Number of protein chains: 2
Amino acid sequence: EVKFEQISPADFFYRNRDIAGFSNPSRSLYMSIRELVENSLDACEIGRILPQVVVQLSEVKKVSGDVCVYKLKVEDNGIGVEDKHIPKAFATVFYGSKYGYRQSRGTFGLGGTMALLYGQITTNKPSTVISSTGGKKIHKYVLMIDIVENKPKIFEREVLENRDGWRGTIIEFYLEADYTNSKAKIIDYFKHTAMANPHATLMFIDPRGRLYYFPRVAKKTPEPPIESLPHPVGVDVETMSRMLAASRERNMVAFLTNNFQKVGEKTARDVLEIAGIPADISPKKLTHQQVTALVDAIKKYGRFRAPDPSSVSPIGKDLLEIGIKHMLKPDFLKVVQRPPSSYSGFPFVVEVGLAYGGAIPPSESIHIYRFANKIPLLYDERADVVWKVVNERIDWSTYKVPKIAPLAIVTHICSPKIPYKTVGKEAVADRPEIERELLAAIREAARALKLYLGRIEKKETVIRR
Amino acid sequence: EVKFEQISPADFFYRNRDIAGFSNPSRSLYMSIRELVENSLDACEIGRILPQVVVQLSEVKKVSGDVCVYKLKVEDNGIGVEDKHIPKAFATVFYGSKYGYRQSRGTFGLGGTMALLYGQITTNKPSTVISSTGGKKIHKYVLMIDIVENKPKIFEREVLENRDGWRGTIIEFYLEADYTNSKAKIIDYFKHTAMANPHATLMFIDPRGRLYYFPRVAKKTPEPPIESLPHPVGVDVETMSRMLAASRERNMVAFLTNNFQKVGEKTARDVLEIAGIPADISPKKLTHQQVTALVDAIKKYGRFRAPDPSSVSPIGKDLLEIGIKHMLKPDFLKVVQRPPSSYSGFPFVVEVGLAYGGAIPPSESIHIYRFANKIPLLYDERADVVWKVVNERIDWSTYKVPKIAPLAIVTHICSPKIPYKTVGKEAVADRPEIERELLAAIREAARALKLYLGRIEKKETVIRR
Ligand SMILES: Nc1ncnc2c1ncn2[C@@H]1O[C@H](COP(=O)(O)OP(=O)(O)OP(=O)(O)O)[C@@H](O)[C@H]1O
Ligand SMILES: Nc1ncnc2c1ncn2[C@@H]1O[C@H](COP(=O)(O)OP(=O)(O)OP(=O)(O)O)[C@@H](O)[C@H]1O
Ligand SMILES: [Mg+2]
Ligand SMILES: [Mg+2]
């Protein structure tokens with residue numbers, strides 16, 4: 001009498017696409033473009049390739065009001081996708097290559113598939129994916145998503161000769177969207193992405209045929225983040241159980257030193273002693289109780305060195321400065337990069353740019369430009385930890401900032417795991433450690449601003465005399 | 001060289017439990033209690049049972065600071081769960097009975113499992129589920145969730161004689177949590193739930209042994225919502241394709257009239273004509289193009305009658321009035337229930353209570369109490385459509401409300417589908433139709449408030465003379 005159902009992850013996000021950020025035709029266009037551009041930049045980063053990403057949006061037909069059917073095509077020169085992974089990478093939810101422990105824009109294994117899913121349910125047209133990893137062949141697929149089963153439905157498949165040794169990926173699909181009401185956000189997205197990724201060349205050709213061109217201003221790729229081992233802090237019984245089950249070590253000391261960062265032999269022995277677990281026991285022989293005891297012992301130990309920041313890749317003070325000067329043209333700019341910190345065992349770095357005057361329009365509210373893992377966050381400002389710190393935890397008058405001021409703040413948080421509040425990646429949760437680092441960075445920059453405004457004050461006083 | 005993985009839905013929400021609302025030990029306790037209480041109230045509603053829900057939280061041991069291991073037990077007198085569904089209902093993500101087209105508190109098939117998952121990863125202890133649908137047997141399971149595979153791991157199973165003909169469900173599990181910092185929100189949750197469900201008796205026994213008792217103040221269950229057919233508006237090609245594939249009708253007119261609400265024979269023929277589809281063709285024979293043409297024709301038709309509100313179950317003006325008076329003790333109260341409206345083919349009803357004076361403390365910001373499908377929403381206020389309407393779309397001074405005023409607004413939105421912004425069900429998205437209805441309801445109540453404040457003004461003027 002009560003009817004139960006199991007639904008697939010694709011079906012869940014189909015029914016609840018608001019939750020993935022695809023809530024209306026203008027936001028869905030924004031989301032589709034950003035998900036694909038972020039995939040392209042990740043693909044270049046992992047190959048240490050200077051990115052060239054070309055986005056073309058063309059109108060196919062009017063539907064009603066501002067809503068049209070568009071064709072969206074995104075092409076990159078990234079590392080491409082291996083043939084055997086292509087269908088699932090783009091037509092299966094929770095299938096991806098970014099589940100490891102290193103900073104990347106993508107993280108859920110969902111974004112690219114969501115964009116194609118949205119296109120599919122609004123136009124009933126299949127999508128085309130063309131990719132090559134630089135080998136002898138180029139692989140082309142025409143596919144749709146079987147939403148009920150969460151798997152690809154391949155309509156056509158072609159293997160082409162790769163005469164020019166091309167490497168990269170081309171995605172082409174159709175979607176019902178509203179460009180008129182998302183245009184401003186989309187152009188901002190490109191502008192801000194160019195600012196956080198100055199080594200990337202971006203091109204956007206809009207439905208009117210107009211080219212928005214963002215040539216790279218840096219010739220070297222940034223130091224890429226390196227896959228790291230997990231840090232013991234923040235590892236719970238589930239992750240610990242999986243690591244123990246997968247381990248090949250013959251004793252617990254080797255298990256701890258080989259599978260965690262910042263755990264040497266002495267640390268491993270100390271932790272095992274606190275847990276009451278013999279050092280020579282096999283990891284596969286641990287009982288349920290012992291796994292819990294081990295996790296508790298790690299919490300009690302408290303003396304681990306901080307997580308290694310090599311899995312993090314900040315923008316860098318110089319590049320951030322160039323980017324902010326170019327975009328905001330301020331009179332004053334102070335950029336701060338905090339030393340690496342960590343939350344729940346994940347390393348993170350906060351970078352802040354405080355800009356004043358020049359081309360920044362005076363306003364009662366501070367202009368906030370937020371970034372996470374080099375992605376611009378353009379929605380849900382009030383839900384973000386940065387908004388809370390800037391507007392509720394800092395008294396700007398103590399830094400001589402007037403009520404109406406030409407003040408802008410650019411923030412970047414980067415980590416192998418960003419605590420996003422939503423699947424749509426628009427706001428960062430207020431983890432205490434992150435809040436603390438943002439506060440420290442902004443205060444440091446604000447003190448420099450205070451000195452600057454103090455000098456301006458003095459000059460004006462002298463001039464008046 | 002690039003390593004791809006597929007992860008299960010349980011694994012996804014394990015890794016990203018912030019997104020499900022389980023972001024820290026105090027919020028996770030709140031979420032665990034609310035997810036189970038909402039399941040109990042749904043189970044009573046579907047059986048037209050006067051609810052009795054008992055929640056017991058007891059401390060097992062201290063961990064560090066305010067964090068302890070607690071045992072949480074929730075018992076209800078609802079319709080219970082059939083034996084064959086018990087393990088999956090509580091240990092599988094995206095398995096549930098609320099995927100249909102009628103108002104219910106649950107909607108994702110995820111909440112109960114998330115609470116048990118959170119308990120499991122913080123304590124490594126299995127959960128106990130005991131349930132009976134009132135028959136001869138009571139079924140008891142001790143289980144954990146296999147997170148990698150998203151399926152139950154049954155440790156023990158017992159079948160007991162049901163001598164007293166008991167019907168209901170008992171969930172018992174352990175979790176690491178922070179009661180000290182969530183206590184206020186938890187007590188508010190019970191208070192507000194009692195207000196929106198005056199026919200429910202709720203009991204909460206906290207770790208200090210203190211009983212919070214909310215006896216029912218209404219003796220009849222409200223009219224339950226009825227499962228309805230989908231409305232044609234808002235049905236996209238994916239849903240249409242599934243309906244066509246599942247249909248048993250022999251021709252398209254019968255398919256349309258039998259599978260949709262508000263579609264009679266004439267309407268069906270008109271829509272098919274716009275689509276250029278023969279009326280007598282079999283639903284299973286429709287081509288890809290024809291499915292798209294049908295969905296487009298439905299959009300063009302535009303003359304469907306509004307969705308049937310029988311799948312909606314509002315609180316009701318009288319009960320809302322009783323509840324608000326009891327909770328807020330105001331001098332003035334105006335309750336408004338809007339007629340049914342719809343967004344994207346889903347019917348919804350907005351109910352608003354505007355309360356002034358009495359026990360309401362004066363404040364510069366308006367006290368907002370939000371409800372959706374009879375659930376109190378206690379987080380993410382600034383992200384909610386109600387906050388936007390109350391604070392950005394209404395000029396309260398035009399209703400004689402002073403800057404500092406003892407003003408409270410209670411809002412309830414109910415629908416077979418609430419456009420929640422997040423999996424944690426804390427904020428409702430600003431769909432234009434919902435925004436419009438909230439604005440209309442609040443303005444209507446505000447006009448009554450203006451008259452009342454006008455009379456108060458007059459009286460005071462008279463008194464002064
Ligand atoms: N342009 C591309 N070039 C190379 N690989 C790609 C490209 N786009 C997608 N992929 C591969 O497909 C996978 C799935 O992409 P998808 O966007 O669905 O998820 P994700 O990027 O891993 O995570 P998120 O949901 O956070 O975006 C990626 O992990 C990546 O391996
Ligand atoms: N106390 C209960 N009594 C009867 N059935 C229950 C109870 N708790 C859960 N169930 C059943 O288990 C299913 C899964 O519950 P779960 O909370 O995981 O998802 P849901 O309530 O369907 O949706 P949501 O994720 O929005 O809460 C429910 O759909 C319901 O059928
Ligand atoms: Mg992606
Ligand atoms: Mg539920």
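Tutor: Before we start, contact means heavy atoms within 4.5 Å. Please also keep in mind that this is a predicted model.

Student: What share of the contacts in chain A between residues at least 6 apart in sequence join residues at least 24 apart?

Tutor: Here we look at contacts whose residues lie at least 6 apart in sequence. Of these contacts in chain A, the share joining residues at least 24 apart is 72%.

Student: Why does the radius of gyration of chain A agree with a compact globule?

Tutor: Chain A has 465 residues, and for that number a compact globule would have a radius of gyration near 23 Å. The two agree because the value for chain A is 25 Å.

Student: How many helices and strands are there in chain A?

Tutor: Let's take both kinds of element together. Chain A has 12 helices and 16 strands.

Student: What percentage of the residues in chain A is buried?

Tutor: A residue is buried when its relative accessible area is under 20%. Among the 465 residues of chain A, the buried part is 58%.

Student: How far apart are the mean positions of the positive and negative charges of chain A?

Tutor: Chain A carries 69 positive and 54 negative charges.

Terms used: Residues numbered from 1 in each chain as written. Chains lettered and ligands numbered in written order. Predicted model: local features only at pLDDT ≥ 70, side-chain atom pairs only at ≥ 80, totals over all residues. Heavy atoms only, no water. Helix = DSSP H or I, 4+ residues; strand = E, 2+ residues; numbered from the N terminus. Rg over C-alpha atoms; globule rule 2.2 N^0.38 Å. Buried < 20%, exposed > 50% of the residue type's maximum accessible area, 1.4 Å probe, protein only. Lys, Arg positive; Asp, Glu negative; His and termini not counted. Charge placed at Lys NZ, Arg CZ, Asp CG, Glu CD.
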